[in-house]
2 protein chains.
Amino acid sequence: MKRKCFGEDLCPVARSLEAVGDVWSVLIVREAFAGKRRFGEFERALGVAKNILTVRLRKLVAFGVLEQVPAADGPRHEYVLTERGRGLYLVLMALRQWGEDCGGESPYVLVDRRDGQPVKPLAFHAHDDRELGPDDMELVPAAEVKRR
Amino acid sequence: MKRKCFGEDLCPVARSLEAVGDVWSVLIVREAFAGKRRFGEFERALGVAKNILTVRLRKLVAFGVLEQVPAADGPRHEYVLTERGRGLYLVLMALRQWGEDCGGESPYVLVDRRDGQPVKPLAFHAHDDRELGPDDMELVPAAEVKRR
DNA sequence: CCGTATCCATTCCGATACTG
DNA sequence: CAGTATCGGAATGGATACGG
C-alpha cells in the first residue's frame with residue numbers, strides 16, 4: 001500500500017484509513033471498547049499472531065488511538081483508548097449496524113444504560129431534525145458554506 | 001488473513017469487515033458515492049492497479065455492495081451502488097467525521113441539499129432523543145431486551 | 001506474562017504487456 | 001475503454017523460539 005496513493009490524500013476518509021484501515025486494527029479497537037486492555041487479552045480474544053499484534057498496537061499508539069498506561073498490578077502496562085480512540089465508536093457501530101442490516105444473526109442489541117431501551121439507529125439529521133439519507137446531503141467546499 | 005479468525009465470527013463488525021475490510025474497497029465505495037461508475041473512472045480517481053481494481057470490484061459485486069448494469073452508451077457496463085451498498089454511507093461518513101476530528105484540514109462540509117445548511121454531527125440518541133456517548137450504551141443479548 | 005526475533009508461506013500490490 | 005495475464009518485490013500472517 002503506497003503512501004502516495006491516499007496517505008497524503010486530503011480526504012478525511014483516506015486519512016482515517018491510514019490509522020485503522022486494516023482489519024486487525026479495527027478488531028483490536030472493538031475489543032478495547034469491550035474492556036480488553038492487556039496484550040494477552042487481545043491475543044486470546046482475536047487469535048492474532050503475537051508479532052502482528054505488536055505491530056498493530058504500536059501503530060494504534062502512534063496514531064493516538066491507544067495509549068500505554070502502567071498496569072496497576074505488575075510492571076507491565078496496559079493499552080487503553082484515548083479520547084481520539086473513543087471517537088471511533090461511531091465508526092465501529094456504523095459497521096455493526098451495516099453488518100446487521102445485511103442479514104444474518106444479530107444476537108446483541110445496543111441499549112441505553114439508563115433505561116435499558118434500545119437506542120435509535122444511527123442516522124444523519126438536518127438542523128431541524130429531519131432525518132437525511134445519502135441523497136439528501138452533499139459535500140461542499142467549506143468556503144461555500146461560510147458564504148451563506 | 002484467515003477466515004477462521006473472524007470470517008465466521010458472529011460479530012456483525014467482523015462480518016462487515018469481510019466485505020469492506022480493506023482500504024481499496026472503502027475508497028472505491030467512496031468514489032461510487034461521488035458518482036463514479038466506470039472501471040476507468042475508479043482507476044484514474046484512485047490510481048489503483050488494474051488487476052487490483054478488477055478483484056476489488058468483483059468482490060464488492062459478490063457481496064452485494066455494487067452491481068453491474070449495462071452502460072447506456074457502449075457495450076460495456078457500469079458499477080452502481082446497490083441499496084445495501086448505499087447503506088455504507090454511514091460508515092463512510094463516520095470515518096470522515098473521525099478523520100476530521102483528528103485535526104488536519106477539512107476542506108469539505110456535509111450539508112443538507114434542501115437548505116445548504118450543515119447537517120448535525122453523527123451521534124447516537126436514546127429513544128427520548130438524549131445524545132449518548134460510548135459509555136452511555138452497552139451491547140446486551142437480544143433475548144434480554146425482549147424481556148423488558 | 002509480555003513481548004521480540006526469526007523463518008517461511010501466502011497474499012498483495014504495482015507495473016507492464018496484451019486482448020477484444 | 002475494460003479488462004486479463006504475468007511477474008517481481010514488498011508486506012502480511014502464522015508458528016515458533018527466545019528473553020526480560
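**Close-ups of the A/B interface**

View 1. Val140(A) has Val109(B), in strand 3 of chain B, as its bridge partner. Strands here are DSSP E runs of at least two residues, and helices are H or I runs of at least four, numbered from the N terminus; two strands pair if DSSP finds at least two bridges between them. This is a predicted model, with local features needing pLDDT of at least 70 and side-chain atom pairs pLDDT 80 or more, while totals for chains, interfaces and linings use all residues. Residues are numbered from 1 along each chain as written, chains are lettered from A and ligands numbered from 1 in written order, and side-chain values use heavy atoms, without hydrogens or water.

**View 2. The whole contact.** Chain A and chain B each put in 79 residues (contact: heavy atoms within 4.5 Å). About 7700 Å² gets buried between them, 66% of it from carbon and sulfur atoms (accessible area lost on being put together, 1.4 Å probe, summed over both parts). On the chain B side, Trp98(B), Arg113(B) and Phe124(B) lose the most area to chain A, together 10% of what that side buries.

**View 3. A salt bridge between the chains.** Arg113(A) and Glu138(B) meet through their side chains at 3.7 Å, N to O. The interface has 8 salt bridges (side-chain nitrogen of Lys or Arg within 4 Å of a carboxyl oxygen of Asp or Glu). Helix 7 of chain B (residues 89-101) gives the largest share of the side touching chain A, 12 residues.

Conventions
Buried area is the accessible area (1.4 Å probe) that two parts lose on being put together, summed over both.
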